[in-house]
Amino acid sequence: MNVAVTVDAREDSPAWLAYGTPVFTVLAALAVSAIALVVLDVNPVAAYRTMFVETLVTEFGISETLTKAIPLILTGLAVYLPLKAGLFNIGAEGQLVAGALAGTWIGLNVSLPGLALVPLMFVAAAVAGGIWAGIPAYLRAKWDVNEIITSLLLTFVALEIQSYLLRGPMQGGAGNFPQSDRFSEAATIPELFGGVHAGLLAAVCMVIATYVLMTKTRLGFEITFVGSNDEAAQQAGMSKFYVYLLVFVVGGAFAAMGGISEIAGAQGRYRAGFEPGYGFTAIPIALLGRNSAFKVMLAGLFFAVLFVGGSSMEVAFGVPAALVEIIQALVILFLITAEFFKSYRVGIDLKRGPAETPAQPQRGDD
Amino acid sequence: MVNTNRTISRREMLGALGATGVTALAGCSGGSDDTNTADGTTTGESGSGSDSVTAAWVYISEVGDLGWSHAHDEGRKAVDKKYDWLETEYTEAVAPEDSERVFEQYAQGDADIVFGTTFNYQDPMFNIAEQYPDTYFEHATGYRTRENMGRYMGRIYQPRYLAGQAAGMVTENNTIGYVAAFPIPEVIRSINAMALGARSVNPDATFKIRWVNAWFDPQTSKQAANSLIDDGCDVISQEQDSPAPVKAANEADVWASGYNAPMGEFGGDNYLISPVWNWEEVYDPTISAVRDETWESDAFWGGMETNLPTLDEWGPEVPQEVKDTVAETEEKIVNGDLDVWAGSMFEDKSDEFLFQEMNSFVDAVDAEVSE
């Protein structure tokens with residue numbers, strides 16, 4: 001008997017599969033994680049209730065989730081846009097840091113009323129993040145230098161600059177601790193509702209802008225074209241150089257806005273060691289949401305629920321931090337695996353008898 | 001600032017309470033959560049105010065870091081075991097960015113007191129303490145307080161000085177390596193104290209520093225230790241939350257002094273000694289004060305006389321002469337006869353300066369603090 005696994009590309013995914021897989025896979029991941037919870041003597045149903053239901057129905061859970069989602073959505077877009085052009089922006093974290101530093105500097109050193117100062121901080125952050133992302137983009141567009149490596153390594157450069165600035169020119173507050181001064185009232189992003197700061201508006205606007213760019217404009221078409229087949233795009237008269245530079249610079253600006261909104265909206269001051277990892281979480285977010293900017297937003301919200309709910313579960317049940325990370329990782333792993341099954345049909349062929357596999361004798365005939 | 005009487009008197013008082021009132025208390029405390037006490041007595045409501053206390057800890061790294069958070073968690077476990085009226089909870093590996101949410105969840109829940117154990121929790125805790133005036137907060141290593149938020153730390157520089165003496169005596173190259181976290185006053189203070197200790201017994205001892213820029217990063221701190229060893233250091237010391245530098249020293253067969261929690265099991269034959277924490281010495285009186293409704297916001301900075309900062313056990317091969325010298329100095333420090341900073345550039349500096357303004361190294365340290 002011979003067992004063969006066949007993998008065929010689906011021509012189109014059935015609707016039940018497209019909408020059902022995310023639900024099934026999340027449930028499957030939670031079922032696997034439940035084993036660990038049971039071993040730790042925690043009731044999985046109660047734990048998941050805290051993790052998901054309470055996070056989504058209590059005011060506290062919702063406002064924390066939305067706050068957490070702001071930088072996740074923005075950095076998600078920062079990875080999503082280059083992805084559409086076939087590039088991998090692995091350095092969104094560095095762009096986030098560069099932008100947050102520039103925006104913080106403006107917030108601490110420029111005195112303007114809040115209505116002008118906060119937008120100026122966003123612009124400064126976007127410029128810095130754009131420049132930071134522009135370096136790997138230019139190197140890729142001009143010299144074909146691998147953008148995965150350069151964008152990633154520039155993250156560490158940004159973190160070292162952060163260390164320097166917070167111990168040197170930007171150091172403030174009592175004592176000699178590596179942190180900036182606290183933001184003034186004017187430099188703090190105002191509250192939108194129930195503890196959620198107005199950075200949410202920026203995130204939603206950028207999602208809409210990206211959606212319009214990708215679906216309604218010629219430029220969006222060019223980005224998708226270059227991403228699908230860059231040689232054909234160039235034959236058709238499109239500039240790969242321009243598209244590569246654009247997606248990275250705009251992406252870097254998105255990540256930077258995520259950084260400054262977190263610092264000026266949620267943190268209140270810039271502290272050394274601010275390495276939230278949003279820029280890295282952004283990669284699975286963009287992969288999950290790669291079909292549309294709105295899906296990036298949903299993926300960002302979903303990850304925010306995972307983080308906030310996971311932390312609530314830790315607080316409520318005293319489970320180890322590692323377990324929450326395992327649950328989060330399993331959910332991501334299952335979701336990304338499901339993407340594969342959505343696009344490919346997997347079959348198992350059972351064949352009987354060796355006579356039906358004539359591969360060996362044939363080889364001798366060649 | 002340091003009120004050692006607070007610790008001792010409260011402990012003595014508790015001892016007395018335990019001896020005389022144990023039966024009276026047992027009724028209310030043991031049964032306070034589940035009301036079905038065996039004997040069914042309802043005498044518990046009288047007397048000592050709130051019956052049970054719920055205390056919560058928030059840690060920067062996992063309690064399995066075998067260092068800083070581990071030491072705090074040992075303190076938590078000790079009080080949890082000691083008092084049956086006490087309920088303890090903790091959350092580990094909470095990044096400062098996320099700590100505000102965790103503090104808020106504990107405050108919204110049933111926590112009477114919340115301990116935050118890393119410097120960068122200071123602002124988040126300060127904010128939450130304002131919003132939840134009925135919950136007590138205690139922040140380790142910081143400098144901000146409120147009516148309902150105290151701070152606590154220990155003079156770990158004293159055992160550091162002693163470990164420095166030991167390092168200064170065993171080094172043959174006169175070069176001691178120090179794997180350091182961040183150039184903040186707390187870390188600089190420890191390096192200076194260790195360097196002064198080494199110089200007190202060895203005028204040629206010098207210190208080399210490697211900055212890891214993280215409290216907990218075993219991989220980088222191991223690399224830092226190896227780089228120091230390559231640079232000629234034959235004693236490795238550390239301000240890191242993991243024993244990685246001690247392990248690296250053990251593999252390279254040089255002396256090692258750890259930090260936070262006993263690290264002898266990772267140091268092999270060349271293990272020296274480590275400055276360690278007995279956080280129970282803070283948690284016990286603080287939580288008892290919450291129960292007695294006598295808690296007040298204060299700034300506690302206890303020295304070796306409180307047993308909060310102390311030393312662990314000697315390694316197997318440490319010469320007797322080293323042990324004797326350190327024991328003699330330790331006695332002087334505990335008795336208050338020796339100020340670690342005497343004769344240094346920090347002599348007669350205020351506690352406030354020592355705690356949050358120290359920003360330069362003594363001569364023995366071959367490094368500079370970037371301005």
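**Chain organisation, the A–B contact and the shared nonpolar core**

The buried residues of helix H3 of chain B are Pro96(B), Glu97(B), Asp98(B), Ser99(B), Glu100(B), Arg101(B), Val102(B), Phe103(B), Glu104(B), Gln105(B), Tyr106(B) and Ala107(B). In this predicted model, 12 of the 13 residues of H3(B) are thus buried, so the helix is largely enclosed by the rest of the structure. From its first C-alpha to its last, H3(B) reaches 19 Å, close to the 18 Å expected at 1.5 Å a residue.

H3(B) also takes part in the contact between the two chains. In that contact, 29 residues of chain B meet 26 residues of chain A. Strand E2 (86–91) and helix H3 (96–108) of chain B each supply at least two residues of the side that touches chain A. The greatest contribution to this side comes from H3(B), with eight residues. Sorted by class, the side of chain B that touches chain A comprises 12 nonpolar, eight polar and nine charged residues.

Strand E2(B) is in turn paired with strand E1 of chain B. The two strands run parallel and are joined by six bridges. Within this pairing, Ala56(B) stands opposite Glu89(B) of E2(B). Strand E1(B), which spans residues 53–58, is mostly covered, five of its six residues being buried. Both E1 and E2 are among the elements that cover the buried residues of helix H2 of chain B, as are strand E10 (275–277) and helix H10 (280–291) of chain B. The buried residues of H2(B) are Trp68(B), Ser69(B), His70(B), Ala71(B), His72(B), Asp73(B), Gly75(B), Arg76(B) and Val79(B). The 15 residues of H2(B) should span 21 Å at 1.5 Å a residue, and the 22 Å between its end C-alpha atoms agrees with this value.

Across chain B as a whole, there are 12 helices and 12 strands. Of its 371 residues, 56% count as buried. Among contacts in chain B between residues at least 6 apart in sequence, 66% join residues at least 24 apart. The chain is divided into domain 1 (4–43 + 53–154 + 278–306) and domain 2 (157–274 + 312–356). Contact between these domains takes 15 residues from domain 1 of chain B and 17 residues from domain 2 of chain B. Helix H2 (residues 68–82) of chain B gives the most to the domain 1 side, with four residues. That side of domain 1 of chain B divides into seven nonpolar, six polar and two charged residues.

Chain A contains 14 helices and six strands. Its C-alpha atoms fill a box of roughly 85 × 60 × 35 Å along the principal axes. Buried residues account for 45% of the 366 residues in chain A. Of the contacts in chain A between residues at least 6 apart in sequence, 78% connect residues at least 24 apart. Chain A is divided into domain 1 (1–42 + 319–351) and domain 2 (56–318). The centres of these two domains of chain A, taken over C-alpha atoms, are separated by 29 Å. At their contact, 10 residues of domain 1 of chain A meet nine residues of domain 2 of chain A. The domain 1 side of this contact in chain A consists of nine nonpolar residues, one polar residue and no charged residues.

One residue of chain A, Asp181(A), lies in strand E2 (residues 179–182) of that chain. Asp181(A) is partly exposed, with 17 other C-beta atoms within 10 Å. Not counting residues up to four places away in sequence, Asp181(A) touches Leu108(A), Gly172(A), Gly173(A) and Arg269(A). Asp181(A) and Val39(A) are 142 residues apart in sequence, and their C-alpha atoms are 46 Å apart in space.

The largest nonpolar core has 208 residues, and those with the most contacts inside it are Leu77(A), Ala125(A), Met257(A), Ile236(B) and Leu272(B). Helix H10 (residues 240–267) of chain A gives the most to this core, with 16 residues. Leaving aside neighbours within four places in sequence, Ile236(B) is in contact with Gly177(B), Val179(B), Ala225(B), Leu228(B), Ile229(B), Pro245(B), Ala248(B), Ala249(B), Val254(B) and Ala256(B).

How values were computed
Residues are numbered from 1 along each chain as its sequence is written. Chains are lettered from A and ligands numbered from 1 in the order in which they are written. This is a predicted model: local features need pLDDT of at least 70, side-chain atom pairs count only at pLDDT 80 or more; totals for chains, interfaces and linings use all residues. Domain bounds come from an automatic or database domain assignment. Two residues are in contact if their C-beta atoms, placed from the backbone, lie within 7 Å. Ala, Val, Leu, Ile, Met, Phe, Trp, Tyr, Cys and Pro count as nonpolar, Asp, Glu, Lys and Arg as charged, and the others, Gly among them, as polar. A nonpolar core is a set of buried Ala, Val, Leu, Ile, Met, Phe, Trp, Tyr and Cys residues joined through C-beta atoms within 7 Å. A residue is buried if 20 or more other C-beta atoms lie within 10 Å of its own, exposed if 12 or fewer, and partly exposed in between; C-beta atoms are placed from the backbone. The expected span of a helix is 1.5 Å times one less than its number of residues. Two strands pair if DSSP finds at least two bridges between them.
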